[in-house]
Protein chains: 2
Amino acid sequence: MASGPKTKEPGYHNDHFVQLCNPNVATMNEDVLYHFSLSTSTHDFPALFGDVKFVCVGGSPTRMKDFIRYMAKELGLDRPGTDYPNICEGTDRYAMFKVGPVLSVSHGIGIPSISIMLHELIKLLYHARCSGVTLIRIGTSGGIGLEPGSVVITREAVDPCFKPEFEQVVLGKRVVRSAHLDAQLVQELMQCSADLTEFPTVVGNTMCTLDFYEGQGRLDGALCSYTEEDKQEYLRAAFAAGVRNIEMESTVFAALCRACGLRAAVVCVTLLNRLEGDQISSPHELLVEYQQRPQRLVGHFIKKCLAAA
Amino acid sequence: MASGPKTKEPGYHNDHFVQLCNPNVATMNEDVLYHFSLSTSTHDFPALFGDVKFVCVGGSPTRMKDFIRYMAKELGLDRPGTDYPNICEGTDRYAMFKVGPVLSVSHGIGIPSISIMLHELIKLLYHARCSGVTLIRIGTSGGIGLEPGSVVITREAVDPCFKPEFEQVVLGKRVVRSAHLDAQLVQELMQCSADLTEFPTVVGNTMCTLDFYEGQGRLDGALCSYTEEDKQEYLRAAFAAGVRNIEMESTVFAALCRACGLRAAVVCVTLLNRLEGDQISSPHELLVEYQQRPQRLVGHFIKKCLAAA
């Protein structure tokens, strides 16, 4: 359960192989990654994925395909007429794309959905004998006290009680795991935003909830049993605890990566300021531009790492 | 918070309008259903959806499109060359299809993902002034002590401690809601399976978990901190508590429908017997046939309701 090695140089993690926290997998003749529609008996994982150094994950399959196209251009690996086929074409649960050392995977919405994807992704990286891998979630979120379009690099992923923990039920019993993230990686990403000077970026805590409406204090769901004042009080308490944005995947992402010794970060854009409203009603084109901001920041980070390697 | 009216005749619910448990929505000038990419200011909800009487939901968008094609044929509403466009084409979060009185919506994987969809779906039905609506989840699951391919009609949706409850954190505090389902509807669906005599069907409790690997006692995830014996003990305790299958959406589905007075049921096929293994490694064609079973059962139910109306 050791965390990844800490160094000052980005990209300097190449000797660290991806490990599982499960002795059973090494003894299996075949491992079917059901939700990816991939299996060790039908796919050559080391040949397909052995060179992966960066895995970027996000909710929407369309956005993750856009990201791989963007990375191909940025890394000079784009060839005219080249498409990037979905590696998980046998299923519509998740979508996966690759260019050079970058893998881009969609995870759907919420902790259970990203949790399945991460279990199968970490096993994929293990079977492929990958080393020195960094995982980054590039997502969308609701901001607290920030101008919409601001990017938040997560210092700590926290639960709805503002604790940096991920609680899970295993065999009917509650298990709590740390949701701490890599402080060095946060600083490296913040430096990348300073390099770009394209959009406001802050380091802050990210609150992860199991529900978008009542779970985030919204007043506009099918159910609502509290007042505007109750909501404002809760969001202000979150702000006082260092929370700058709210999303639905960060704690389990941090906890699973940490448990398997993977260096991980969360970079989300805020689509609205929750102190001012609940509905996401900005024009479509503006929301699309906002969603490209984490991609640009992380794209710059990957290029910088590769140049330093 | 009243549950739907109970009657002996299927389809006899036409005077019961869909209600919200939130007084705020009626006062809003516009309601943006963000994750459907639909808005009351750009779409005429009563014209588009006012005739909906049956809403079927399931994880996979491809499967929910297959279901609407199947229902079109079954209801005699299929026209040569007709396609069924995705009503939520502006987003890739969820997919929605409609034929006659049947709406088919995908919900992704897990409680948070289906929860967002249900909040926006129930608001959609409310804005459309729908009445007498029945919601049915048609899904996949892992069975306990059942032959793979068996269909389970859920008596009670239960949490990982086998309680028929859905626990949620609202404004940082735990709130528990009942996950009871409509007993009359369970009997009507069981009668439909008896009419068909196509596949084994049982009524049993359905356990809903937040995780597919550790949360369901699997031994083949990226993390596993228990033994085969621990797993077997847990699954046997679940069986003793009446649990016949495990999936990831039923408690919140039951709780939200109940809170809004909607008649609801859960019908899932089992893809494997968890007492005998963890991996889903049956041939693709067999799994596809299994997944059609809840569709055939619910299709028969809808036809029967419409004939009786």
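In this predicted model, helix H4 (residues 183-196) of chain A and helix H7 (residues 284-308) of chain A have axes that come within 9 Å and cross at roughly 105°. Axes are lines fitted to C-alpha atoms, for helices over the stretch in contact, with angles from 0 to 180 degrees between N-to-C directions. H4(A) and H7(A) are therefore roughly perpendicular (65 to 115 degrees). Helices (H or I, at least four residues) and strands (E, at least two) are DSSP runs, numbered from the N terminus.

H4(A) contributes Glu188(A), Leu189(A), Cys192(A), Ser193(A), Asp195(A) and Leu196(A) to the contact, and H7(A) contributes Arg296(A), Leu297(A), His300(A), Phe301(A) and Lys304(A). Contact means C-beta atoms, placed from the backbone, within 7 Å.

Chain A also touches chain B. The contact takes 54 residues from chain A and 55 residues from chain B. Strand S8 (165-170) of chain A is one of the elements that supply at least two residues to the chain A side. H3(A) gives the most, with eight residues.

A rotation of 180° with 0.0 Å of shift along its axis superposes chain A on chain B (RMSD 0.0 Å). The two copies are thus related as by a two-fold rotation axis. Superposition is by least squares on C-alpha atoms of residues with pLDDT of at least 70 in both. The same surface serves both copies, with 100% of the contact residues of chain A recurring in chain B.

Residues are numbered from 1 along each chain as its sequence is written, and chains are lettered from A and ligands numbered from 1 in the order in which they are written. In this predicted model, local features need pLDDT of at least 70 and side-chain atom pairs count only at pLDDT 80 or more, while totals for chains, interfaces and linings use all residues.

Note on methods: Contact = placed C-beta atoms within 7 Å. Parallel < 35°, antiparallel > 145°, perpendicular 65-115°, else oblique.
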